[in-house]
Amino acid sequence: MSNYTMERRQKGFTLVEIAIVLVIIGLLLGGVLKGQELINSAKVKNMANDFRNVPLYIYGYQDRFKALPGDDIKANTNLPKDSAGVDAKEGDGDGKIGGIWSSTTPSDESARFWQHVRLAGLATGATSPGDDGYYPTNVDGGRIGVQSMASSYISGMTGAYLVCSGGIQGRYAKQLDATLDDGIHNTGSMRVVPKNHTAGNAAPATALVDDDTYSVCMAL
């Protein structure tokens with residue numbers, strides 16, 4: 001047999017070699033997908049904890065000061081000064097957390113809420129509205145907030161308070177509802193609304209698109 005014939009037979013991959021390469025590729029893809037699944041699960045767990053923490057802040061503050069954080073009419077005597085050396089801002093004491101959950105107006109009780117719970121030692125974070133990072137965000141950078149349910153934010157929802165988290169992708173909103181509520185995004189105590197909704201009786205989103213972003217709200 002000539003050297004030329006042997007060289008021709010040795011060119012290319014054998015079926016066994018191709019099979020091994022395909023197995024390796026499959027293992028790598030499986031590892032990547034599993035890693036992404038773990039990242040997604042950790043993200044949803046983090047977001048779920050945001051919702052779980054807010055009632056702890058509310059009831060912890062009420063237990064200590066007999067008032068609502070943000071609404072506390074004696075905040076300047078109940079709490080220390082903020083990071084700017086200024087007395088804590090008082091609420092009007094009407095038993096409601098006034099203002100929209102996403103407010104960045106320092107005089108709104110929904111904005112003062114974060115100062116009160118942090119100065120009370122119930123939560124960590126900036127204590128002056130002028131500080132960077134004063135307004136809390138979720139793991140994806142969406143705003144987190146709380147308001148009273150006095151003026152319903154979402155049609156059909158009932159409760160004393162409403163906790164909302166914005167900028168959440170549809171895929172995570174579905175997992176959040178399955179984790180904290182009934183797994184149906186437009187019923188129960190947790191509902192999903194279009195991301196641009198700011199006030200008034202909004203209807204929940206009719207269908208969730210995985211890559212679109214929404215605001216997720218839970219009634220307390």
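These are my notebook entries on what I looked up in this structure.

**Entry: the model.** I am working with a predicted model, where local features need pLDDT of at least 70 and side-chain atom pairs count only at pLDDT 80 or more, while totals for chains, interfaces and linings use all residues. Residues are numbered from 1 along each chain as its sequence is written, and side-chain values use heavy atoms, with hydrogens and water left out.

**Entry: the whole chain.** I looked up the elements and found 5 helices and 4 strands in the protein chain. Helices (H or I, at least four residues) and strands (E, at least two) are DSSP runs, numbered from the N terminus. From the N terminus on, I read the order as α-α-α-α-β-β-α-β-β.

I then checked burial. Buried means under 20% relative accessible area, exposed over 50%, and partly exposed lies in between (1.4 Å probe, protein chains only). Of the 220 residues, 39% count as buried. The accessible surface is about 11800 Å², and carbon and sulfur atoms hold 56% of that. These areas come from the Shrake-Rupley method with a 1.4 Å probe; for residues, only the protein chains shown count as cover.

Contacts came next. A contact means heavy atoms within 4.5 Å. Among contacts with a separation of 6 or more, 58% join residues 24 or more positions apart.

**Entry: helix H4.** I turned to residues 109-119. The buried residues include Glu 109, Arg 112, Trp 114, His 116 and Arg 118. After H4 comes Gly 121, with a positive phi near 80°.

**Entry: Lys 66.** Another positive phi turned up here. Lys 66 has a phi of about 55°, although it is not a glycine. I located Lys 66 in the loop between helix H2 (15-65) and helix H3 (75-78). Is Lys 66 buried or exposed? Lys 66 is exposed, with a relative accessible area of 68%.

Which strands pair with E4? Two strands pair if DSSP finds at least two bridges between them. Strand E2 (residues 161-169) pairs with E4 in the antiparallel sense over 6 bridges. Ser 165 has Val 216 of E4 as its bridge partner. Strand E3 (residues 190-194) also pairs with E4 in the antiparallel sense, over 5 bridges. For Pro 194, the bridge partner in E4 is Tyr 214.
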